[in-house]
Amino acid sequence: MTVTAAKNNIEVGTIIAAHGRHYLAQVGAEKLQCVTRGKKSDVAVGDKVNLKRTSANQAVIESIAERKTLLYRSDQYKSKLLAANVTQLFIVVATEPGFTDDLISRALVAAESAGVDAHIVLNKTDIVAALPRTRERLQVYRKLGYPIHEVSAQAEPDATRDAFLPLLQGQSTILIGQSGMGKSSLINLLVPDADIAVREISAALDTGKHTTTFTRLYAMSDDTAIIDSPGFQEFGLYQLSEGMLERAFREFAPHLGQCKFYNCHHLSEPGCAVLAAVESGEIASMRHQLYAQLLHESSQKLY
């Protein structure tokens with residue numbers, strides 16, 4: 001709903017797409033092309049913003065409302081804003097083609113650190129030959145308590161839609177995943193006018209065929225939104241400190257504070273409770289290796 005302050009002509013909108021320093025905001029039933037003042041580009045899809053109109057369909061972003069959550073995507077040791085105010089992150093994987101555990105684990109770390117609920121969606125379950133092996137690979141995440149939803153967007157569209165809609169209600173959900181996992185099929189199932197919306201956004205931002213390379217938000221109702229993101233390999237985690245990283249691995253929690261040294265890095269220190277849990281199999285070796293890799297990357301970040 002649009003809220004207008006008469007004396008200074010400020011309107012409230014939601015950013016539904018971004019391309020470079022150009023943004024598209026939903027203001028009531030209207031879509032306004034927006035820019036920031038100066039060279040700022042610190043606006044994310046999902047942001048609630050205060051706008052001042054400069055013409056019938058254009059506006060300047062005056063300020064950003066306080067964010068509840070913020071996710072990043074990475075760009076060679078730097079982080080770019082991905083989406084704001086999301087409450088759920090759905091990681092879409094498939095039986096075919098193959099997916100990387102690295103992306104799943106990085107996405108889960110990003111969700112934990114941002115305070116966003118994470119779910120894993122296993123698509124293309126109709127490819128039964130690859131199903132047992134895929135389920136086995138996902139078992140490590142199931143053991144950590146992350147919900148895994150099995151669907152087949154193309155073979156069983158009605159059942160897939162029926163499974164998803166209750167999960168989305170009242171939430172702002174972002175879908176992420178590598179290319180080829182069927183994310184677009186899911187979006188088209190859940191948002192019937194998605195293709196039309198994409199064309200509108202493309203025309204408004206004048207991006208043509210490049211529209212598929214950026215994040216966009218679809219409002220399904222007043223309190224429900226779904227955000228589609230481009231296929232990418234890596235989540236932005238460079239902004240996380242060592243303390244934030246260790247807390248983003250939920251299986252580390254029972255062991256933090258139990259190490260011999262108070263400033264333990266959980267890498268090779270004697271008397272490390274986390275390493276002991278890795279040795280006993282309580283913590284998956286793959287997950288600890290990712291923690292060590294993220295710690296190394298964090299130490300290499302550029303300022």
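A: Fine; keep in mind that the model is predicted. In the second largest pocket, β2 (10-19), β7 (70-74) and β8 (79-84) each supply at least two residues of the lining.

Q: Which strand gives the largest share of that lining?
A: β8, with three residues.

Q: How many residues line the second largest pocket, and which lie nearest its centre?
A: The lining has 20 residues, and Ala-18, Gly-20, Arg-73, Lys-80 and Leu-81 lie nearest the centre.

Q: And what volume does the second largest pocket have?
A: About 480 Å³.

Q: Switching to helices. Where does α2 bend?
A: At Arg-137, by about 35°. The helix covers residues 131-143 and spans 18 Å from first C-alpha to last, close to the 18 Å expected for its 13 residues.

Q: Which α2 residues are buried?
A: Leu-131, Thr-134, Leu-138 and Tyr-141. Residues three or four places apart in an α-helix point the same way, because there are 3.6 residues a turn.

Q: What covers the buried residues of α2?
A: The cover includes β9 (88-94), α1, β10 (117-123), β11 (148-150) and α8 (285-300).

Q: What follows α2?
A: Gly-145, with a positive phi near 100°.

Q: Now the core. Which members of the largest nonpolar core touch the most others?
A: Leu-89 and Phe-235, out of 88 residues. Helix α1 (residues 101-114) contributes the largest share of this core, eight residues.

Q: What does Leu-89 touch, leaving out residues up to four places away in sequence?
A: Its contacts include Phe-235, along with Leu-71, Ala-107, Ala-111, Ile-174 and Ile-176. Val-116, Asp-117, Ala-118 and His-119 also touch Leu-89.

Conventions
Residues numbered from 1 in each chain as written. Predicted model: local features only at pLDDT ≥ 70, side-chain atom pairs only at ≥ 80, totals over all residues. Heavy atoms only, no water. Core = buried A, V, L, I, M, F, W, Y, C linked by side-chain atoms within 4.5 Å. Buried < 20%, exposed > 50% of the residue type's maximum accessible area, 1.4 Å probe, protein only. Helix = DSSP H or I, 4+ residues; strand = E, 2+ residues; numbered from the N terminus. Contact = heavy atoms within 4.5 Å. Expected span 1.5 Å × (residues − 1). Bend = angle between axes of the 7 residues up to and from the residue. 1 Å grid on protein atoms, 1.4 Å probe; cavity = no way out; pocket = protein on both sides within 12 Å on 5 of 7 lines; lining within 4 Å. Points joined across faces, edges and corners; volume = space filled by probe spheres on them.
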